[in-house]
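Subject: Structure handover

Hello,

Here is the structure for your set-up work. My notes on it follow below.

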Amino acid sequence: QTLVFGRDRVRFMESLVVGDIAELKPGQGTLTLLTNEKGGITDDLIVTNTSENHLYVVSNAGCADKDLAIFRDRAEELQATGSDVHLEVSDNALLALQGPSMARVLQAGLSDDLAKLSFMNSISTTVFGVPGCRVTRCGYTGEDGVEISVPAGRAVELAERLLDVPNVWLAGLAARDSLRLEAGLCLYGNDIDETITPAEAGLMWTLGKRRRAAMDFPGAAVIMAQVKEKPRRKPPNCSHGRGGWYCQPPLTSPCPHIPGTVTSGCPSPSLGKNIAMGYVEAAHSRAGTELTVEVRKKQHPALVTKMPFVPTQYYTAK
């Protein structure tokens, strides 16, 4: 978790990511992509324009060191030209409370009205007596939920307080992984990395109209050229199969096989079948396309489907 201060904080952030940070209202956040000069995705971030006159940036934990190095180098470059920007690294812990009962459970420990907090919005507040928390209505499950930034010294206290509620349970990464895959959410290091562009990953929706026109983010020329020419590979979303791809086209195809790669796959608890995400040639990525996947040296039929596999339940305040 990184805090970005200074009058040039938005210009700093937009020099690194593809999102339209300037359009964010106070308290509003967005998923965005940190890209390199080749258009590859260095990390996916959530950037929030807080009501306290700073940006709140959440990186993937596995990318924290490399992200911070990029942030610091860019801040030094801008500072050398007279720009007003500086960084603070938060030592807060991050707890995610997710699921259909979240609002009822958390509201008991808040004075703020959760009904007024929409998806991807954030407030600074006290949670079950722990001050200095930031509650953001987001999460990586496809369900209604929050991520709570809490002072590290009181994280266990808050976690135990939440776990005192009968229907709140600890959940591990396997549960998180099946939920995010059902919701069609990419996992950094699996489905996206520095060799994959937003166009190839189906993430062009993260680019604001103004940013596309300005082309002022790292890798813009490569990414926008792919949009114009159509990317060579695209991510199909398949049900009924998982594992390494051996993609078999219709018998009328002049090519005996179309190689591809599965990047994520697991049994779906909600659907009762196997689901996966991966990359194949763009011509074979349309919904309804029949493919074959190889699982432990055995071939199984798969069907390209639209995402999400399971409808998401994000909350929009009325």
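In which helix do R74 and E77 both lie, and how many residues apart are they? Both are in helix 2, with 3 residues separating them, about one turn of the helix. Please keep in mind that this is a predicted model.

Salt bridges

R74 and E77 form a salt bridge, with the closest N and O atoms 2.9 Å apart. R74 is partly exposed, at a relative accessible area of 24%, and E77 is also partly exposed, at 46% relative accessibility.

Helix 2, which covers residues 64-80, also holds K66. The side chain of K66 meets that of E194 in a salt bridge with an N to O distance of 3.0 Å. E194 sits in the loop between helix 5 (173-182) and helix 6 (198-201), so this pair ties together parts that are 128 residues apart in sequence. K66 is partly exposed, with a relative accessible area of 30%; E194 counts as partly exposed too, at 38%.

The loop between helix 5 and helix 6 contributes to another pair. Here the side chains of D191 and R180 meet in a salt bridge at 2.8 Å, N to O. D191 is in that loop and R180 is in helix 5, 11 residues apart. Are these two residues buried or exposed? D191 is buried, with a relative accessible area of 2%, and R180 counts as buried at 0%. The cut-off for buried is under 20% relative accessible area.

In total the structure holds 11 salt bridges. Among the residues involved are E14, D20 and R210, which are linked in a network of salt bridges.

Strand 7 (residues 122-127) pairs with strand 8 in the antiparallel sense, over 5 bridges. The two form a hairpin with 2 residues between them. In the turn, F128 has a positive phi of about 45°. Strand 8 also pairs with strand 9, again in the antiparallel sense, over 3 bridges.

T136 in strand 8 takes part on both sides: S122 stands opposite T136, and T136 stands opposite E147 in strand 9.

Nonpolar cores

The largest nonpolar core has 21 residues, and L97, L106, V127, I148, L158 and L162 touch the most other members. Elements that give two or more residues to this core are strand 6 (93-98), helix 3 (102-107), strand 8 (130-136), strand 9 (145-150) and helix 4 (155-163). Leaving aside residues up to four places away in sequence, L97 touches M102, V105, L106, G145, V146, L162 and V168.

Another core, of 18 residues, lies apart from the largest one. I41, Y188, A220 and Y279 are among its members. In soluble globular proteins, nonpolar side chains tend to be buried together.

Annotated domain

UniProt, in an unreviewed entry, places the feature "domain: Aminomethyltransferase C-terminal" at residues 260-310. Over residues 260-310 the chain is 0% helix and 61% strand. The end C-alpha atoms of this stretch are 24 Å apart. Y279, one of the residues of the 18-residue core, falls in this annotated range.

Regards

Terms used:
Residues are numbered from 1 along each chain as its sequence is written. This is a predicted model: local features need pLDDT of at least 70, side-chain atom pairs count only at pLDDT 80 or more; totals for chains, interfaces and linings use all residues. Side-chain values use heavy atoms; hydrogens and water are left out. UniProt positions are given in the numbering used here, feature names are shortened, and annotations may be inferred rather than shown by experiment. Helices (H or I, at least four residues) and strands (E, at least two) are DSSP runs, numbered from the N terminus. A nonpolar core is a set of buried Ala, Val, Leu, Ile, Met, Phe, Trp, Tyr and Cys residues joined through side-chain atoms within 4.5 Å. Buried means under 20% relative accessible area, exposed over 50%, partly exposed in between (1.4 Å probe, protein chains only). Contact means heavy atoms within 4.5 Å. Two strands pair if DSSP finds at least two bridges between them. A salt bridge is a side-chain nitrogen of Lys or Arg within 4 Å of a carboxyl oxygen of Asp or Glu.
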